[in-house]
Amino acid sequence: MTSATLLTPARAAADPRDRRPGPATRAAERAYVRVLAVLDTAVLAVAILVGYVGRFGEREAVGSEIPYTVFAPGLLVIWLVSLRAMRCYDDRVLGYGAEEYRRVSSASLRLAGGIAIAGYIADVGVSRGFLALSFAVGTFGLEVARFAARKRLHRARFRGAGWSRKVLVVGDTAHVLELVHTLHREPYAGYQVVGACIPDALLAPVPQRLGDVPVVGSFRGIPEAATAIGADTVAVTASGELTATRLRRLGWQLEGTGVDLVVAPALTDVAGPRIHTRPVAGLPLIHVEAPEFRGGRKLVKGLVDRSVSLVALLLLLPLLVTIALAVKLDSRGPVLFRQVRVGQGGREFGVFKFRTMVVNADALLADLAVRNETDGLMFKMRDDPRVTRVGRLLRKWSLDELPQLANVLLGQMSLVGPRPPLPTEVARYDGDVARRLLVKPGMTGLWQVSGRSDLSWEDGIRLDLYYVENWSLAADLTILWKTFGAVLRGRGAY
């Protein structure tokens with residue numbers, strides 16, 4: 001998911017290729033890379049075999065000027081070399097973020113293009129069917145294998161057993177605590193804070209802790225502190241004492257130690273595509289593009305939303321009819337529940353849902369208010385007595401929200417976006433939270449795929465605002481994919 005703090009890598013060594021193994025290059029990290037290499041090899045071998053059998057069948061490619069018994073193994077080797085050349089095994093991209101997947105796809109597509117161009121120039125007739133099948137199956141297989149390996153790594157990191165970077169955080173107390181909180185919030189990202197260095201003036205004669213993180217030194221001995229606690233990454237956050245000169249000298253001190261230097265600027269909740277680094281007078285200035293709330297991409301998003309919702313309604317029609325009958329037979333009342341919600345620009349609309357509560361649910365809310373299990377402006381209760389038997393099943397699998405496809409088709413909602421709020425919630429919004437209304441609300445979103453009702457109000461708002469500022473079509477596809485997993489796990493559904 002998302003991180004509230006941007007970690008900008010700044011390798012300590014002048015040449016990343018000269019980086020020597022340090023404290024962080026442990027056996028677990030090397031083992032993970034070896035597993036990826038074995039998986040990639042197996043996937044590519046199967047893909048090339050599928051390409052050959054799919055094109056030529058079980059017989060040999062007779063009459064061809066290409067000896068495929070030699071070309072196929074050579075393609076496997078070249079493909080693996082291409083993955084290595086595109087730094088698909090770089091520890092900086094493994095296990096978190098979309099960059100790993102982008103590099104794998106880029107390596108495969110560039111190799112396919114290179115072979116096609118080379119074959120055309122050399123006038124060598126490599127079977128296009130063989131190449132198309134091999135690269136289609138291989139690229140898809142590589143992505144799936146990386147995804148499976150990453151999920152296993154994430155589960156291990158949640159247990160505290162997976163390969164993670166050991167981070168020494170450097171900065172003022174308030175900024176250190178903020179960065180520590182951010183990294184603790186997403187342990188699957190692989191940044192485990194093991195210590196902190198704060199300014200000399202804040203040191204005390206007795207051992208100090210910032211939350212659960214021990215203070216291991218001051219700005220005077222950062223490299224020594226990193227070595228003492230076995231840190232492989234020094235994360236520098238904001239501090240008035242850490243001038244550009246001191247930060248540059250810290251990079252020199254870490255040269256050749258195997259310890260990475262990353263900088264966490266005071267720039268939060270901004271995604272990578274909106275950030276561009278431009279060197280000016282020796283300074284790496286970060287240019288931040290404004291959020292995009294209208295334009296061509298918005299038109300495409302709206303077209304995709306309506307097209308997908310129409311197709312989904314037609315395909316799911318038998319399921320919708322079955323659910324409607326179950327709701328009608330289970331309890332007295334209408335099948336659909338229409339509730340006023342607030343959409344883009346503060347415009348109110350009626351959101352459609354299958355009814356999951358008794359007909360007088362709103363009248364019973366006042367008596368249950370003291371049993372609210374969430375903070376903020378929402379009411380949530382795990383064992384809400386107003387929910388019907390069929391309603392509990394529908395809520396568990398989020399089937400009660402399928403009628404919202406009609407809202408998407410009408411242009412009132414989007415497939416992906418912030419949670420549609422009630423008018424009573426909007427009336428209590430402050431200036432920051434009101435930014436949720438700059439885009440259409442969605443059937444699913446970062447809030448839903450990150451824990452749903454298990455999240456605090458503050459975390460839910462943070463995720464919604466992050467989406468508003470950094471939405472993209474690629475991110476929408478990722479969220480839709482993760483929605484299926486969130487629904488199957490049933491986490492936070494009540």
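**The hairpin and its approach**

Guide: This is a predicted model. Start at one end of the pairing: Leu-336 has Phe-354 in β11 as its bridge partner. The two strands concerned are β10, residues 336-342, and β11, residues 348-354; they run antiparallel and are joined by seven bridges. Five residues lie between the strands of this hairpin, and Gly-345 has a positive phi there, near 75°.

Now step back along the chain. Ser-331 sits in the loop that links α9 (317-330) to β10. The side chain of Ser-331 makes a polar contact of 2.9 Å with the side chain of Arg-355. Once neighbours within four places in sequence are set aside, Ser-331 is in contact with Arg-355 and Thr-388.

Elsewhere, the record supplies some context. The unreviewed UniProt entry lists "transmembrane region" at residues 31-54, 66-86, 107-124, 130-149 and 307-327. Take two of these spans in the model. Residues 31-54 are 100% helix and 0% strand, with the end C-alpha atoms 34 Å apart. Residues 130-149 are likewise 100% helix and 0% strand, and here the end C-alpha atoms are 28 Å apart.

Last, the cysteines. The structure contains zero disulfides. Cys-88 has a relative accessible area of 1%, so Cys-88 counts as buried. Cys-197, at 0%, is also buried.

Methods. Residues numbered from 1 in each chain as written. Predicted model: local features only at pLDDT ≥ 70, side-chain atom pairs only at ≥ 80, totals over all residues. Heavy atoms only, no water. Disulfide = S-S within 2.5 Å. Buried < 20%, exposed > 50% of the residue type's maximum accessible area, 1.4 Å probe, protein only. Pairing = 2+ DSSP bridges. Helix = DSSP H or I, 4+ residues; strand = E, 2+ residues; numbered from the N terminus. UniProt positions renumbered as here; feature names shortened; annotations may be inferred. Polar contact = N/O pair within 3.5 Å; in protein donor to acceptor, adjacent residues only side chain to side chain. Contact = heavy atoms within 4.5 Å.
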